[in-house]
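Subject: A structure for you to look at

Hello,

Here is the structure I promised to pass on. Please have a look at it first, and then read my notes below.

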Amino acid sequence: MKVTMQDVARRAGVSNKTVSNVVNDHPHVRPETRARVQHVIAELGYRPNLSARGLRSGRTGVIGLAVPQLRQPYFAELADAVIAAAERRGLGVIIGQAGADRDHETAVLANGLRQTDGMLFSPEHLGTEDRHLLDDVTYPLVLLGERIFGGPNDHVTMHNVEGARAAVEHLVGLGRRRIAVLGAHPDRRSGQMRPSDLRVRGYREALAVAGLPEDPRLERAVAPWLPQNGADATRELLASGVEFDAIFALNDSLAIGALRALARAGRRVPDDVALIGFDNIGDGRFSTPSLSSVDPGREEIAETAVAMLVERIEAGARDVRPPRLHKAAFHIVARESTGGQDDQA
């Protein structure tokens, strides 16, 4: 039989109204009561009637998530985390791919995703010069990623510069002195807010602090960030004859490609070349050797972004709060590719 709101209220020892308030994420619920109701919802497998709720509130009970490419493991795992965070609030999620080109992203930003109450948007091709586009957005919007700053919307992002710097400091701490980086943007423009530029900035800052000189031959432009391109860039690095004893790949997909190329070239990881990536995707635990990475706080990003979006949706037109910026905490996950331990995948 289908679990009802009344079943949840009875098991949790609260009123139907309290269950409704928890499901709709109303702020005026005591934390211990919210936790108890959420536990019962999960235990019984209760699913709110989104259609009925939408008729009462004028909302769909569905939020949107627009990401560049789901073929990128980071965005697939981010989508999974967003869906989980939304389900805890009784919401559905519609996912769209917005990364085909700039025009596609502009259209998604202008129109949102159909039949949703608001959207989480991670742009890839839009930049700070497109800031004015945000002024015309008429629906609740929370931005993800680093591309557009100074706009009127909430923004949830990661520590790209700091995380990259920590990754290189980890390699320096292992005694590595010739550290290559894979994933710089091909146009080489400075001063951009793209993740590639920010992570390269962190790489250079770490070298400077360690007293290591920059060598342009060690900075490899790669786009898009897919395993094949990481393998190709590593083969080109090997063929160039430039000396290196470590690689910082700007995402884990590039790092997995680099692992393959190094293995085929007879370079041992981490003995000959230490390797670290960025994003801490699940597949990194299953590579041989297992992949060290920067964990950028994906779960925190998803939870915070969904919470912010729900708050904006609930507040509606009366919301006059200024835009908020949140950066998720990060940490280094040291696995076998930098001499750490296998986490028993």
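Let me begin close to the start of the chain. The cover over the buried residues of helix H1 includes helix H2 (16-23) and helix H3 (31-44). Those buried residues of H1 (residues 5-12) are Val 8, Ala 9 and Ala 12. They sit on the same side of H1 because they cover an arc of only 100° around the axis. After H1 comes Gly 13, with a positive phi near 70°.

Before going further, a word on what you are looking at: this is a predicted model, in which local features need pLDDT of at least 70 and side-chain atom pairs count only at pLDDT 80 or more, while totals for chains, interfaces and linings use all residues. Residues are numbered from 1 along each chain as its sequence is written, and side-chain values use heavy atoms, with hydrogens and water left out.

Helices (H or I, at least four residues) and strands (E, at least two) are DSSP runs, numbered from the N terminus. Buried means under 20% relative accessible area, exposed over 50%, and partly exposed in between (1.4 Å probe, protein chains only). The arc is that of the directions from the helix axis to the C-beta atoms.

Helix H9 (residues 227-240) has 14 residues and reaches 20 Å from its first C-alpha to its last, close to the 20 Å expected at 1.5 Å a residue (the expected span is 1.5 Å times one less than the number of residues). Its buried residues are Gly 230, Ala 231, Ala 233, Thr 234, Leu 237 and Leu 238. These lie on the same side of H9, because their arc around the axis is only 165°. They pack against strands S6 (179-184), S7 (219-221) and S8 (246-249), and against helix H10 (252-264). Just after H9, Gly 241 takes a positive phi of about 80°.

Ser 122 is in the loop between strand S3 (119-121) and strand S4 (141-144), and counts as buried because its relative accessible area is 6%. Leaving out residues up to four places away in sequence, Ser 122 touches Ala 66, Val 67, Pro 68, Phe 75 and Leu 144 (contact means heavy atoms within 4.5 Å).

Ser 292 belongs to strand S10 (residues 292-295) and is buried, at 0% relative accessibility. The Ser 292 side chain makes a polar contact with the side chain of Thr 338 (2.6 Å). A polar atom of the Ser 292 side chain also lies 2.7 Å from the backbone nitrogen of Arg 335. A polar contact is a pair of N or O atoms within 3.5 Å; within protein, one must be able to donate a hydrogen and the other to accept it, and residues adjacent in sequence count only if both atoms are side-chain atoms.

Arg 298, in helix H11 (residues 298-315), is buried as well, at 11% relative accessibility. A polar atom of the Arg 298 side chain is 3.0 Å from the backbone oxygen of Asp 279. Besides Asp 279, Arg 298 is in contact with Tyr 74, Glu 77, Leu 78 and Asn 280, leaving aside its neighbours within four places in sequence.

Enjoy exploring it!
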